[in-house]
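Work through the exercises below with the model open. Each task is followed by its solution.

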Amino acid sequence: MVNALVTVYIPTHNRPILLERALRSVVTQDYHTIEIIVVDDGSRSENRNKNLQICSQFANVQLIQLEKSIGASAARNLAIAAATGEYITGLDDDDEFCPGRISAFIEAWQ
């Protein structure tokens with residue numbers, strides 16, 4: 001499936017600068033059939049607002065904001081439950097995808 005939807009989930013907690021870098025590494029991929037789910041795991045108010053501003057820059061980003069932290073693993077599971085992609089992969093907010101990462105991911109599955 002060349003145009004299969006890929007869900008990328010990104011949990012984050014009080015690190016909007018790192019979140020923005022991670023998001024940019026996803027939206028600049030050469031594979032474009034991507035849904036991105038960001039779970040803000042109970043960030044402080046000012047960071048919640050920054051995360052909202054960052055995520056609103058991108059059309060294919062769904063932001064789930066939690067009032068209280070449930071932990072990174074539970075935040076990942078929440079994102080996976082919300083995913084609609086045929087393929088699902090994760091990215092932590094302090095990491096980034098190399099160019100071509102999602103294309104290589106799809107190619108490996110095919």
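**Ground rules and overall fold**

Of the 110 residues in the protein chain, 44% are buried (under 20% relative accessible area; over 50% is exposed, partly exposed lies in between; 1.4 Å probe, protein chains only). This is a predicted model: local features need pLDDT of at least 70, side-chain atom pairs count only at pLDDT 80 or more, and totals for chains, interfaces and linings use all residues. Residues are numbered from 1 along each chain as its sequence is written, and side-chain values use heavy atoms, without hydrogens and water.

**Exercise 1.** State the order of helices and strands along the protein chain.

*Solution.* Count: four helices and four strands. These are DSSP runs, numbered from the N terminus: helices are H or I, at least four residues; strands are E, at least two. Then read along the sequence: β-α-β-α-β-α-β-α.

**Exercise 2.** Decide whether Ser25 is buried or exposed, and list its contacts.

*Solution.* Locate Ser25 in helix α1, residues 16–27. Its relative accessibility is 6%, so Ser25 counts as buried. Skip neighbours within four places in sequence: Ser25 then contacts Leu91, Glu96 and Phe97 (heavy atoms within 4.5 Å).

**Exercise 3.** Describe how α1 lies against helix α2, residues 45–55.

*Solution.* Take the axes: they come within 9 Å and cross at roughly 20°. Axes are lines fitted to C-alpha atoms, for helices over the stretch in contact; angles run from 0 to 180 degrees between N-to-C directions. α1 and α2 are therefore roughly parallel (angles under 35 degrees; over 145 is roughly antiparallel, 65 to 115 roughly perpendicular, the rest oblique). Finally, name the contact residues: Pro16, Leu19, Glu20 and Leu23 of α1, with Asn47, Lys50, Asn51, Ile54 and Cys55 of α2.
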